[in-house]
Amino acid sequence: MKTLTLNDLKRFLEKTADCDSRIWNSLVNCNLPKNRKGDIPLLIKAMSKNVIPQEYTRTYFNEIKRQEEEIREKGFKPLFLILSGDIGNYKTLMGVKYLAIKTVTEKLYPLFLTNDELLGLYNGSLELQQFTDDITYAVETKITPSRTHYEFWERIPFTAITKFYDIIMIDDLEEDAVPALEKLILQAYDTETFIIVTTNIAPPSKFIGTEDSPGLLSEKAISRLLECGIAVHVVGTDKRRGGRDE
Ligand SMILES: Nc1ncnc2c1ncn2[C@@H]1O[C@H](COP(=O)(O)OP(=O)(O)OP(=O)(O)O)[C@@H](O)[C@H]1O
Ligand SMILES: [Mg+2]
């Protein structure tokens, strides 16, 4: 089967979702990992028809939609999506797909961060820098070791990240970065920035706690998640070794 290229994807999104150059450039420069050839494998895999099995997309995207509607019916805005589950069952790819679709259809400024990037930005070892194109207003983001500075690029302090982006994905959150996520949730609630988290910390109730055990997040963050959060427990075995669900 022919694999999708970035150009195919661009043309497809221009045709089906009216994706203009600002949105396209902001999406491909949102810090999603690029390889040496300039490709973005996660974006390509996530948007290809033949990688995430259809039953996954159908089940989990319907579940997300159902929870989004529930939040809206209560008069709130969906702001947090947690995709939590075991290793290798398409959480990252589904998160990237959701990020890309929402970015394009709602014309948003997106940002992608790994667990370690979030942690580095939080503890100050990394710095987030942003360049806005004067003509198209597309945004390009770089994560650099702190004290590296690019001319014409704006430094965004950790405390202001959600002011500059509409949608932020944290990929593969681990316990060490939970305090950073906590701060980001509080910021995102105030700026109405959408946060997507993929994680092996499962089930999602670990974040908010149960009657028997306290949650990983503070009461303040939990209160916001309960109002505006979508929690999805992704089940299924590791697909990296060609594993199949029965
Ligand atoms: N048809 C396919 N084409 C390409 N890659 C595939 C295909 N099917 C499965 N994979 C592999 O399965 C992996 C599983 O997806 P993904 O990385 O989204 O899992 P995950 O749930 O985020 O895993 P983890 O919990 O380890 O972060 C993909 O990255 C990819 O390498
Ligand atoms: Mg992953």
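The model is predicted, so local features need pLDDT of at least 70 and side-chain atom pairs count only at pLDDT 80 or more, while totals for chains, interfaces and linings use all residues. Residues are numbered from 1 along each chain as its sequence is written, chains are lettered from A and ligands numbered from 1 in the order in which they are written, and side-chain values use heavy atoms, with hydrogens and water left out.

I start with charge pairs. A salt bridge here is a side-chain nitrogen of Lys or Arg within 4 Å of a carboxyl oxygen of Asp or Glu. Searching the whole structure gives 7 salt bridges. I will go through some of them by helix. Helices are DSSP runs of H or I with at least four residues, strands are runs of E with at least two, and both are numbered from the N terminus. For accessibility, buried means under 20% relative accessible area, exposed over 50%, and partly exposed in between, with a 1.4 Å probe and protein chains only.

Helix α1 covers residues 6-17. In it, arginine 11 and aspartate 8 form a salt bridge at 3.3 Å, N to O. The two sit 3 residues apart in the helix, so about one helical turn separates them. Aspartate 8 is buried, at 17% relative accessible area.

Next is helix α4, residues 54-73. Glutamate 70 forms a salt bridge with arginine 66, and their closest N and O atoms are 2.7 Å apart. The spacing is 4 residues within α4, so about one helical turn. Glutamate 70 is partly exposed at 37%, and arginine 66 is partly exposed at 42%. This pair belongs to a network of salt bridges that links Glu63, Arg66 and Glu70.

What does phenylalanine 61 touch, leaving out residues up to four places away in sequence? Contact means heavy atoms within 4.5 Å. On that basis phenylalanine 61 touches Tyr56, Met94, Lys97, Tyr98 and Ile101. Phenylalanine 61 is in helix α4, and at 16% relative accessibility it counts as buried. Its C-alpha atom is 26 Å from that of arginine 22, which is 39 residues away along the chain.

Now the sheet. Strands of a sheet pair through backbone hydrogen bonds, either parallel or antiparallel. Two strands count as paired if DSSP finds at least two bridges between them. Here 3 strands make an open sheet in the order β4-β3-β5, with antiparallel pairing. β4 and β5 (154-156) are the edge strands, each pairing on one side only. The twist from one strand to the next averages 35°. For angles, axes are lines fitted to C-alpha atoms, for helices over the stretch in contact, and values run from 0 to 180 degrees between N-to-C directions.

Between β3 and β4, which run antiparallel, there are 7 bridges. Leucine 128 stands opposite isoleucine 143 in β4. Helix α6 packs on this sheet, touching β3 and β4, and its direction makes about 100° with that of β3.

Which residues of helix α6 (residues 115-123) are buried? They are Asn115, Glu117, Leu118, Leu119, Gly120 and Leu121. These buried residues pack against β2 (110-114), β3 (126-132), β4 (139-145), α7 (161-164), β6 (167-173) and α8. After α6 comes glycine 124, which has a positive phi, near 90°.

Helix α8, residues 178-191, holds glutamine 187. Glutamine 187 is buried, at 13%. Its side chain reaches the backbone nitrogen of threonine 162 at 3.2 Å. Leaving out residues up to four places away in sequence, glutamine 187 touches Phe158, Thr159, Ala160, Ile161 and Thr162.

Last, the cysteines. A disulfide is a pair of cysteine sulfur atoms within 2.5 Å. By this rule the count is 0 disulfides. Cysteine 19 is in none, and the nearest cysteine sulfur, that of cysteine 30, lies 12 Å away. Cysteine 19 is buried at 6% relative accessibility, and cysteine 30 is buried at 0%.

How values were computed: Polar contact = N/O pair within 3.5 Å; in protein donor to acceptor, adjacent residues only side chain to side chain.
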